[in-house]
Amino acid sequence: MSHLIHRSVIRLSFRTTAAPRYLGSVRLMSTSYENIIAARPVPGVALITLNRPKALNALSSPLFLELNDAMKEADSDSSVGAIVLTGSEKAFAAGADIKEMKDKEFSDVYKNNFLENWSVMSKLRKPVIAAVSGFALGGGCELALMCDIILASKTAKFGQPEINLGVIPGGGGSQRLARAVGKSRAMEMEAAQWGMISRVVEGDVVQEALDMAKLIASKGQISVQAGKEVVNAAYELTLAEGLRFERRTFHGLFATKDQKEGMAAFAEKRKAQFTNE
């Protein structure tokens, strides 16, 4: 399950690319935003840059509202042929905004269909290219997976560490990742090759398996079991059904004590003490 574990932050390069060099002057879009920068750097191209540097571009609700607005504006602009989404050199997006989520209750996230608006990008008609440097963790990894093409610099680090917070991915990570790289690779996120194994071990394979099992066992059992369930569902459901199932399972975890403890520990910068409740 370590695609959901902190240890499994990896370097995953779909294609490496040097730092972007824009040709000509950058023309900002007419709409003014607080959390993103929208521009037209070259003819036919819309560039959207996540711009919450102090929070490592954490994906707050206000940011996503602006991102969806800018994406839809670019998609409806006849002069735009493609869209580029990027962050900073340090972080594409370091995840969802945990401080915003930590006090939410199940009734709130379920009733208001929390994170449902993260699916807007998948409905765009024009191709979206993610230009990723630095951290793309949790929601940041999910955001990249929503794009049609991912270009990654050598500093890019992808991971789904939500299990440390007592939850699972809620923005499509368990479904899109499994479809993109396969079940075993999605479960472990450190694979050395494609196929049925997670990775080749140099040394004592039993000890490595025991170490991995110990790490998994140190996490909250509810979120671990939920994570396995939603990844397995990716092979039995359509993408739309799988995304709905993942989101509802994610919502359900807000009724657990482990979610409260995991997110509080993150906010307080301490190790979570899960009780499996």
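Five of the six residues of strand 3 (residues 45-50) are buried, so this strand is largely enclosed by the rest of the structure. Here a buried residue has under 20% relative accessible area, an exposed one over 50%, and a partly exposed one lies in between, with a 1.4 Å probe and protein chains only. Strands (E, at least two residues) and helices (H or I, at least four) are DSSP runs, numbered from the N terminus. The model is predicted, so local features need pLDDT of at least 70 and side-chain atom pairs count only at pLDDT 80 or more, while totals for chains, interfaces and linings use all residues. Residues are numbered from 1 along each chain as its sequence is written, and side-chain values use heavy atoms, with hydrogens and water left out.

Strand 3 has partners that may be considered in turn. Strand 2 pairs with strand 3 in the antiparallel sense over four bridges; two strands are said to pair if DSSP finds at least two bridges between them. In this pairing, alanine 39 has leucine 47 of strand 3 as its bridge partner. The hairpin formed by strand 2 and strand 3 has four residues between the strands, and glycine 44 takes a positive phi near 85° there. Alanine 38 is found in strand 2, which covers residues 36-40. With 6% relative accessibility, alanine 38 counts as buried. The C-alpha atoms of alanine 38 and leucine 50 are separated by 8.9 Å, and the two residues are 12 apart along the chain.

Strand 4 pairs with strand 3 in the parallel sense, over five bridges. The chain passes from strand 3 through helix 1 (residues 61-76) to strand 4, and this β-α-β crossover is right-handed. The term right-handed applies if, with the strands pointing away from the viewer, the path from the first strand over the helix to the second runs clockwise. Within the pairing, isoleucine 48 stands opposite leucine 85 in strand 4.

Two residues of strand 4 deserve attention. Valine 84 lies in strand 4 and touches Val45, Ala46, Leu47, Ile48, Ile129 and Ala131, not counting residues up to four places away in sequence. Contact means heavy atoms within 4.5 Å. Valine 84 and isoleucine 150 are 66 residues apart in sequence, and their C-alpha atoms are 9.9 Å apart in space. Threonine 86 also has its place in strand 4 (residues 82-86), and it is buried because its relative accessible area is 12%. A polar atom of the threonine 86 side chain lies 2.8 Å from the backbone oxygen of alanine 131. Threonine 86 touches, among others, Leu50, Phe92 and Ala131, not counting residues up to four places away in sequence.

At 1.5 Å a residue, its 13 residues (221-233) should span 18 Å, and its end C-alpha atoms are 18 Å apart, which agrees; the expected span is 1.5 Å times one less than the number of residues. Among the buried residues of helix 8 are Ser223, Ala226, Gly227 and Val230. An α-helix has 3.6 residues a turn, so residues three or four places apart point the same way.

The whole chain may now be considered. The protein chain has 10 helices and nine strands, and buried residues make up 50% of its 277 residues. Of the contacts between residues at least 6 apart in sequence, 68% join residues at least 24 apart.

Key. Polar contact = N/O pair within 3.5 Å; in protein donor to acceptor, adjacent residues only side chain to side chain.
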